[in-house]
Amino acid sequence: MVVAETLEWSDSLLTDEALEQRIRKDLQVFLVKVRSEGNGNAECAVNLSGNDLQGPEALQGFLKQFRDGDVRITTLRLHRNHLDDKAIDAIVEHMHAAPRLGQRLSELHLSDNHLTDVGIKRIIRAAHDVQEKRRCRPLWLRAENQRPHIQDPRGVLDSLAEEGMSVCLLPSKEFQVPGKGRPDVPVHMHRAFVPRSDQIWSADVWVSRSSSKANGSGNNSAWHHHNGGKGTGSNDS
């Protein structure tokens, strides 16, 4: 039996120090409850959005408690915090460690933080690495609206494509390309990551690829296009 629970600590004025305090005070009780109800086979959606989290240490300790407690985090919501590229250390560590324990992350929400293209690339590379070692479903990643804004998000995805790191841009995590289903690439992102000038809004899906590695054609374009029908807006889901 898999027990799916939600840890709802959003909009709680949590700083890194306050998160560490709550870990010591409340988290173990929650994990024991989830694990006992699921007989050791438990899943949890975690919502830490809308807080004041910044560095890697508190988040690292938080995620480790779940791994050690044998509770899989399916969805990790960290949007609307103050996380920068240093905080990515904790997330990438979890992305690599959790699948070895059968605790693969399915959704990661990082919109409205302080990440740069460096941090976002690290997340996407980690997802590809996990997929290469353990075949699993794509990671749904939200990473738009960073502060300051990513200067060239299309360039970020193009450079990843040149490394063979494909990313699929979709209007929602449930979206299915008519007649094709969902593209088989390790990372699916909301298409709001790129400017509207690079989208045909509510009409199309773009899948990045390395043209030189994918087809040997010498074409420098890192994208191919699926006509996808009507999509949804860009709520954080």
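Helices (H or I, at least four residues) and strands (E, at least two) are taken as DSSP runs, numbered from the N terminus. The structure is a predicted model, in which local features need pLDDT of at least 70 and side-chain atom pairs count only at pLDDT 80 or more, whereas totals for chains, interfaces and linings use all residues. Residues are numbered from 1 along each chain as its sequence is written, and side-chain values use heavy atoms, with hydrogens and water left out.

The protein chain contains six helices and nine strands. Of its 237 residues, 50% are buried (buried means under 20% relative accessible area, exposed over 50%, and partly exposed in between, with a 1.4 Å probe and protein chains only). Contacts were defined by heavy atoms within 4.5 Å. Among contacts between residues at least 6 apart in sequence, 78% join residues at least 24 apart.

Helix 1 (residues 16–37) and helix 2 (residues 56–68) have axes that come within 9 Å and cross at roughly 5°. Axes are lines fitted to C-alpha atoms, for helices over the stretch in contact, and angles run from 0 to 180 degrees between N-to-C directions. Angles under 35 degrees count as roughly parallel, over 145 as roughly antiparallel, 65 to 115 as roughly perpendicular and the rest as oblique. Helix 1 and helix 2 are therefore roughly parallel to each other. On the side of helix 1, the contact involves Asp16, Leu19, Glu20, Ile23, Leu27, Gln28, Phe30 and Leu31; on the side of helix 2, it involves Glu57, Ala58, Leu59, Gly61, Phe62, Gln65 and Phe66. By class, this contact of helix 1 with helix 2 has nine nonpolar, three polar and three charged residues (Ala, Val, Leu, Ile, Met, Phe, Trp, Tyr, Cys and Pro count as nonpolar, Asp, Glu, Lys and Arg as charged, and the others, Gly among them, as polar).

Ser49 is placed in the loop between strand 2 (42–47) and helix 2. Its relative accessibility is 3%, so Ser49 counts as buried. Leaving aside residues up to four places away in sequence, Ser49 touches Ser10, Asp11, Arg77, Leu78, His79, Arg80 and Asn81. Arg80, one of the residues touched by Ser49, is found in the loop between strand 3 (71–77) and helix 3 (88–100). Although it is not a glycine, Arg80 has a positive phi of about 60°. Arg80 is partly exposed, with a relative accessible area of 39%.

His109 belongs to strand 4 and, at 0% relative accessibility, counts as buried. With residues up to four places away in sequence not counted, His109 touches Thr75, Leu76, Arg77, Leu78, His79, Trp140, Arg142, Asp236 and Ser237. In the loop between strand 4 (107–109) and helix 4 lies Asp112, another residue that is not a glycine and has a positive phi of about 60°. Asp112 counts as partly exposed at 23% relative accessibility. A cis peptide bond, with omega near 0°, runs from Arg147 to Pro148. Pro148 is located in the loop between strand 5 (139–142) and helix 5 (153–162).

His128 lies in helix 4 (residues 117–133) and is buried, with a relative accessible area of 10%. Apart from residues up to four places away in sequence, His128 touches Gly164, Met165, Ser166, Pro186 and Val187. Met165 is itself situated in the loop between helix 5 and strand 6, and it counts as buried at 17% relative accessibility. Between Met165 and Ala127, 38 residues apart in sequence, the C-alpha to C-alpha distance is 9.4 Å.

In strand 6 (residues 167–170), Val167 and Leu169 point one way and Cys168 and Leu170 the other way, and all are buried. Strand 6 pairs with strand 7 (residues 187–190) in the parallel sense over four bridges, where pairing requires that DSSP finds at least two bridges between two strands. Leu170 stands opposite His190 in strand 7. Cys168 counts as buried at 0% relative accessibility, and Cys44 likewise counts as buried, at 1%. The structure holds zero disulfides, a disulfide being a pair of cysteine sulfur atoms within 2.5 Å.
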